[in-house]
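Thank you for coming, everyone. Before I say anything, please bring the model up on your screens and take a moment to look through it.

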Amino acid sequence: MTRVLILILGWCAAGPAVAADGGALAWWIWPIALFAVTFALGVVAVLGGVGGGVLFVPIVGGFFPFHIDFVRGAGLLLALSGALSAAPALMRGGFASLRLAMPLALVGSVTSIIGALVGLALPTRVLEAALGLTILAIAAIMATGSKSGGPEVAAPDAMSTALGMHGAYHDPATGRDVEWRVRRTPQAMVAFAGIGMLAGMFGLGAGWANVPVLNLLMGAPLKLSVGTSGLVLSIVDTSAAWVYINRGAVLPMLVAPSIVGVMLGARIGVRLLRITPAAHVRRIVVAVLLISGGRALLKGLGIWV
Amino acid sequence: MGLIVSPSAEQEVYARWLDWGTRIGLAAVVATFLAYALGVAEPLVPPERLPELWSLPVERYVALTGAPTGWGWLGLIGKGEPLCLLGIALMSSVTLVCYLRLVVALVRSGSRLSAGIAIAQVVVLLAATSSLLAGGH
């Protein structure tokens with residue numbers, strides 16, 4: 001799968017040059033290539049435990065001929081469709097908490113709108129360089145980050161108590177009921193303000209940042225953090241996506257093949273999950289992020305256009 | 001007294017609305033795209049012109065093609081791309097619809113603080129969906 005992805009990306013990187021030289025690349029090749037790449041991304045994203053959006057924007061922005069404006073609009077809608085699809089089951093199972101998500105999503109929504117407006121106002125080169133640096137930072141976080149399955153919260157903070165941010169769920173994996181509460185809510189709201197800004201500006205899904213804040217900073221159990229992260233993402237990305245829709249930065253020829261590709265790929269990824277070593281795939285994801293982040297940075301700096 | 005591990009009533013309602021809304025939204029995205037890709041709805045921009053246009057910043061693309069901004073696509077709903085935007089807009093409105101239902105559930109249950117947060121979220125989402133917010137390169 002990884003070799004196929006690299007081959008397609010190599011072809012895509014050469015594609016714009018071929019077109020510029022008068023090569024006869026038909027328009028319909030691009031949505032098909034996009035479908036193939038997003039299908040592979042869907043598989044890798046599930047196996048690597050990341051959202052498709054964080055891989056989509058740097059890879060498609062770096063190796064396809066589409067302008068970064070349209071790629072970011074499609075990236076947000078891609079992340080949104082995945083989050084919306086997963087949230088109902090997670091909520092019913094208690095693995096996502098609406099009470100926990102609401103205040104954080106509200107802050108993130110406001111800043112994601114600001115981020116989208118700023119992103120659409122920045123010069124393209126500056127935006128691409130900033131995206132490259134952000135993706136390289138995400139790769140570093142993924143390579144070094146830690147997680148805690150069930151952190152202890154000795155005492156919840158006053159704000160989380162007032163907002164009813166506590167609960168319990170049944171974990172079928174252990175057969176136990178897990179009671180949870182959270183701490184450091186004001187600090188988490190500041191963190192989600194920053195995450196929302198990045199999500200709106202770069203069109204990234206933000207699970208890579210949501211989960212550590214919920215898990216390590218607030219002390220929510222890991223499973224609840226993953227589920228609630230998706231719910232927050234569905235609200236935050238909705239806000240930013242509308243800015244791109246209203247600006248005309250949503251091309252159906254990019255959006256629909258990408259959404260279908262990632263969703264079908266994710267289904268295959270779930271089936272492969274049992275037989276694929278997660279640590280190995282995670283290393284591949286980090287490598288892909290390093291390459292695509294480096295490509296975006298070099299593109300932004302005008303070194304590899 | 002044992003732990004209550006079942007989700008709250010308002011979470012159940014939100015999940016139910018989200019589930020159905022997402023199904024409808026995704027079906028609309030696929031159906032409208034098929035209508036566009038198969039030529040059932042005439043495209044606003046001929047697909048063979050796309051490779052020379054989709055590498056441009058959105059402002060240039062809009063200026064060269066006359067593609068709609070804001071809610072302008074509603075007036076061109078018979079064309080392929082605006083029809084696709086209907087599907088995309090439906091999917092992107094699911095959260096807003098769920099929050100409107102959530103406000104009702106929270107007000108009825110007397111959760112005034114949470115209802116206030118939900119109302120504030122509805123205001124933010126409405127601001128995002130309005131075409132008042134603009135920016136550009």
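Let me begin with a question: is Val232(A) buried or exposed? Val232(A) is buried, since its relative accessible area is 1%, and the word buried is used here for residues under 20% relative accessible area, with exposed meaning over 50% and partly exposed in between, all with a 1.4 Å probe and protein chains only.

Before going further, I should say how to read all this. This is a predicted model, in which local features need pLDDT of at least 70 and side-chain atom pairs count only at pLDDT 80 or more, while totals for chains, interfaces and linings use all residues. Residues are numbered from 1 along each chain as its sequence is written, chains are lettered from A and ligands numbered from 1 in the order in which they are written, and side-chain values use heavy atoms, with hydrogens and water left out.

Now back to Val232(A), which is found in helix 10 of chain A; helices here are DSSP runs of H or I with at least four residues, strands are runs of E with at least two, and both are numbered from the N terminus. Leaving aside residues up to four places away in sequence, Val232(A) touches Ala101(A), Ala105(A), Phe192(A) and Asn210(A), where contact means heavy atoms within 4.5 Å. Val232(A) and Ser97(A) are 135 residues apart along the chain, and yet their C-alpha atoms are separated by 9.6 Å.

For a whole helix that is covered, please turn to helix 3 of chain A, where 12 of its 12 residues are buried; among them are Gly52(A), Pro58(A) and Phe63(A). The length of this helix can be checked too, because the expected span of a helix is 1.5 Å times one less than its number of residues. For the 12 residues of helix 3, residues 52-63, that gives 16 Å, and the end C-alpha atoms are 16 Å apart, so the two agree.

Next, the place where the chains meet. How many residues does each chain bring to the contact? Chain A gives 67 residues and chain B gives 64 residues. The area buried between them is about 5500 Å², with 71% of it coming from carbon and sulfur atoms; buried area is the accessible area, found with a 1.4 Å probe, that two parts lose on being put together, summed over both. Of the area that chain A buries against chain B, Trp242(A), Asn246(A) and Arg247(A) supply 14%, which is more than any other three residues.

Across this interface there are 19 residue pairs in polar contact, both residues being at pLDDT 80 or more. A polar contact is a pair of N or O atoms within 3.5 Å; within protein, one must be able to donate a hydrogen and the other to accept it, and residues adjacent in sequence count only if both atoms are side-chain atoms. On the side of chain A that touches chain B, helix 5 of chain A gives the largest share, 13 residues.

Finally, the salt bridges. Side chains of opposite charge can pair when their charged atoms come close. The rule asks for a side-chain nitrogen of Lys or Arg within 4 Å of a carboxyl oxygen of Asp or Glu, and over all chains it finds 9 salt bridges, while the count between chain A and chain B is 3.

One of them joins Arg99(A) and Glu10(B), at 2.8 Å from N to O, and this pair crosses from helix 5 of chain A to helix 1, residues 9-37, of chain B. Arg99(A) is partly exposed at 21% relative accessible area, whereas Glu10(B) is buried at 10%.

Within chain B, Asp19(B) forms a salt bridge with Arg23(B), their closest N and O atoms being 3.1 Å apart. Both lie in helix 1 of chain B, 4 residues apart, about one turn of the helix. Asp19(B) counts as buried at 15% relative accessibility, but Arg23(B) counts as exposed at 51%.
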